[in-house]
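Hello,

Here is the structure we spoke about. Please look at it first, then read the notes under it.

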Amino acid sequence: MDDLFEQFLIESRELTQRATEDLMALERNPADSTSLASAFRAVHTLKGSVALFDFLPMGEVLHAAEDLLGALRDGRLGFEMDVIDALLDCIGASETWIDEIAQSGQLGPGADVRSRALRTALRAPLQQAADKAPAADASSSSNWLSALLTREAAVVARARAARRQLTAVRYTPKADCFFLGDDPLALVRSIPALVRLAIVPREPWDTLLDPYECNLIIEALSAAPVDKIQPIFRFIAGQAEFAALSEEPGSGPGQQAEPERPAPGANPDGNTIRVDASRIDALVDIASELAVAKNTLGHLVEQARESEFSLARAIAANHADIERLVARLHRTVMSVRMVPLAKTFRRFPRTVREIAAKLGKAVTFELTGDTVEADRAIVDGLFEPLLHVLRNALDHGIEPSSIRLAAGKPASGHVVLGARREGGRIIVTVADDGAGIDPGKIRATARARAIIDESALAAMDDAAVLDMIFRAGFSTASDVSDISGRGVGMDAVRQSVLALGGRVAVTSVPRAGSTISLNLPEAVTITTIVTVLAGDQAFGIPVEAIAEMIRFDSARISPVGASEAFALRDQTIPLLRLATLLGLEASARQTSDAKVLIAKLGDQRIAIGVDDFGGRFDVMLRPAPALLSGMTIILGTAVLGDGKVVMVLDLAELIG
Amino acid sequence: MTVNLEANTIFLRGDCEAADAEVLMSLLSRGDVCAVDISEAARIHTAVIQMLIARAPRITGQSADAFFNEWIAPHLNRQTSP
């Protein structure tokens with residue numbers, strides 16, 4: 001069950017993504033039948049897996065979307081803007097629901113209401129088409145007709161045997177037809193040569209039945225030809241469907257159901273496998289441990305040299321081989337984590353479209369270089385900052401069409417999200433052809449908000465002035481909108497990019513547009529830390545800050561005035577306790593062993609007593625959360641292999 | 001009045017219009033109705049027929065309307081009196 005559920009989450013996300021891409025492609029080119037077929041399959045497959053887990057409101061919406069896509073595919077419905085909108089809304093809602101399901105195992109509380117609204121929107125185009133279409137259109141009749149033929153097989157067989165023609169009628173009166181003065185069964189009464197009549201509820205009977213709402217479907221078989229029956233329903237076109245059942249079985253106008261296509265493979269080229277990210281991380285951990293073990297071997301070689309020289313030589317040669325292999329293993333394993341930027345980029349076309357629609361702006365959006373690869377952590381971490389940047393470009397960069405036209409620009413704004421490799425780094429840019437940023441306006445804002453003092457401001461060139469948009473609390477838009485927030489966007493962007501080990505910069509030409517560039521590493525930088533305990537709390541310390549880690553009999557420590565010291569290799573070294581430095585309660589545990597880190601501080605060596613040593617870990621150092629960012633003794637935080645978060649300390653700051 | 005309750009039986013009489021569906025519904029909701037007699041009904045509006053199908057009260061009597069008897073009545077609750 002769990003595996004199936006996990007698989008459902010992974011696949012359903014892929015399917016919504018694919019449906020989104022197909023729909024966006026269809027929006028650009030409605031004649032693209034490949035994308036249409038692909039979108040249909042994606043929704044169809046998703047509907048099927050949703051049904052497995054009984055998420056009814058979601059299943060119903062997808063069912064309605066499938067009907068709509070089917071109608072588009074069969075040419076029963078033309079492409080209108082609102083058709084794509086309704087479908088994209090449906091997929092967007094499905095994504096939200098998948099997230100809800102992933103989090104809580106069920107749909108959120110608003111699902112029913114949203115599902116109903118979405119279904120209404122999805123059915124509206126079909127309803128409108130049905131109202132417009134001539135009632136004789138039998139192409140949508142496949143389902144009811146085949147059901148009717150099955151149900152009335154005996155009657156149909158008898159008619160065929162007698163070479164009599166039969167006409168099938170399905171009449172679905174509008175729910176409000178009683179108000180309009182219709183009496184549906186009175187119409188049916190006029191059907192000549194009635195052979196069969198079925199009256200069934202459209203929706204199950206509700207106990208709170210509305211006496212004025214018609215909830216009936218009337219199906220009839222008549223021996224009269226279609227052209228004698230159709231005119232009876234001429235005033236309610238669209239509510240009745242007709243099918244002539246000819247003598248030859250199978251040649252009726254009922255469309256054959258689409259043969260089931262094979263489920264789309266998650267893996268079109270057969271050359272890739274899906275691997276849980278945690279397994280790759282486990283491999284990375286092993287490769288790192290191996291690197292540490294290899295270092296120990298190097299140490300043993302040194303020891304062996306003193307007694308067994310020839311053996312030491314052999315081991316040393318072997319050590320070099322292992323070293324090379326370990327490095328290669330590490331590189332290869334890290335490369336497994338490399339994914340194309342497309343993973344994040346392709347989520348944007350729809351988002352941009354939604355934001356533009358919300359702002360009432362016309363925008364064309366272009367993606368380039370999304371095949372460039374970077375570490376998964378970087379690619380995932382780019383979504384939030386890029387979303388902020390794109391929102392800003394649309395909200396503050398791109399001008400309304402009227403202003404653009406007046407400025408001699410195309411009515412539609414152009415935004416390009418691009419990526420390229422440059423000297424081992426990745427440059428991601430968001431360029432717009434909007435209004436640009438006016439340095440004068442930023443100077444004025446900086447002055448008005450006293451963000452910087454006047455003399456410093458005067459000394460700044462325009463580039464430095466532009467860079468101030470990344471400062472906390474800076475917003476140049478005089479009207480704060482709900483799209484790009486209250487000026488919290490760009491400083492958050494800089495924070496997130498710094499966290500990924502990158503930099504962010506802006507260039508802008510007034511009236512011609514702005515470009516935000518993110519300069520990022522290909523892979524996250526790995527720092528090796530040692531964990532230590534102080535006052536029962538674990539902290540990390542970067543390995544390069546530590547000269548030695550030693551244990552000795554605590555009796556060797558002697559008090560020196562108010563502090564402590566001990567002798568190491570004929571040198572007296574002052575001893576500080578980490579718990580005391582951090583203002584923590586010292587551990588209650590008293591041990592006879594002293595555990596001490598020797599830190600090099602310039603020429604001086606200082607010993608830092610800890611309550612215990614932990615392990616050695618290769619970690620990705622993240623900047624400290626905002627709450628701690630004022631504390632310079634904290635370099636950042638790191639997540640250990642077991643998911644525990646430790647603060648990584650800056651020893652130099654701590655001692656100095 | 002085309003819908004009347006008399007001694008636990010509702011009588012449909014003459015032409016029953018769409019508005020009669022509401023009257024019929026409220027009478028059927030009383031809980032003391034045993035049957036609906038249609039022997040004196042002439043034309044019955046679809047809204048009323050829908051109510052008879054949905055609530056499925058026992059139907060007594062035979063309509064004078066041949067179409068009704070042949071095509072509509074089979075969809076109603078025609079069980080014989082207990």
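A salt bridge is a side-chain nitrogen of Lys or Arg within 4 Å of a carboxyl oxygen of Asp or Glu. Between chain B and chain A the count is one salt bridge. R189(A) forms a salt bridge with D65(B), and the closest N and O atoms are 2.6 Å apart.

This is a predicted model, in which local features need pLDDT of at least 70 and side-chain atom pairs count only at pLDDT 80 or more, while totals for chains, interfaces and linings use all residues. Residues are numbered from 1 along each chain as its sequence is written, chains are lettered from A and ligands numbered from 1 in the order in which they are written, and side-chain values use heavy atoms, with hydrogens and water left out.

In contact (heavy atoms within 4.5 Å) are 21 residues of chain B and 24 residues of chain A. The area buried between the two chains is about 2,000 Å², and carbon and sulfur atoms give 65% of that. Buried area is the accessible area (1.4 Å probe) that two parts lose on being put together, summed over both. T46(B), Q50(B) and W71(B) supply 32% of the area that chain B buries against chain A, more than any other three residues.

Helix 11 of chain A (residues 309-336) has 28 residues. Helices here are DSSP runs of H or I with at least four residues, numbered from the N terminus. From first C-alpha to last, helix 11 of chain A reaches 40 Å, close to the 40 Å expected at 1.5 Å a residue; the expected span is 1.5 Å times one less than the number of residues.

Regards

Notes: Helix = DSSP H or I, 4+ residues; strand = E, 2+ residues; numbered from the N terminus.
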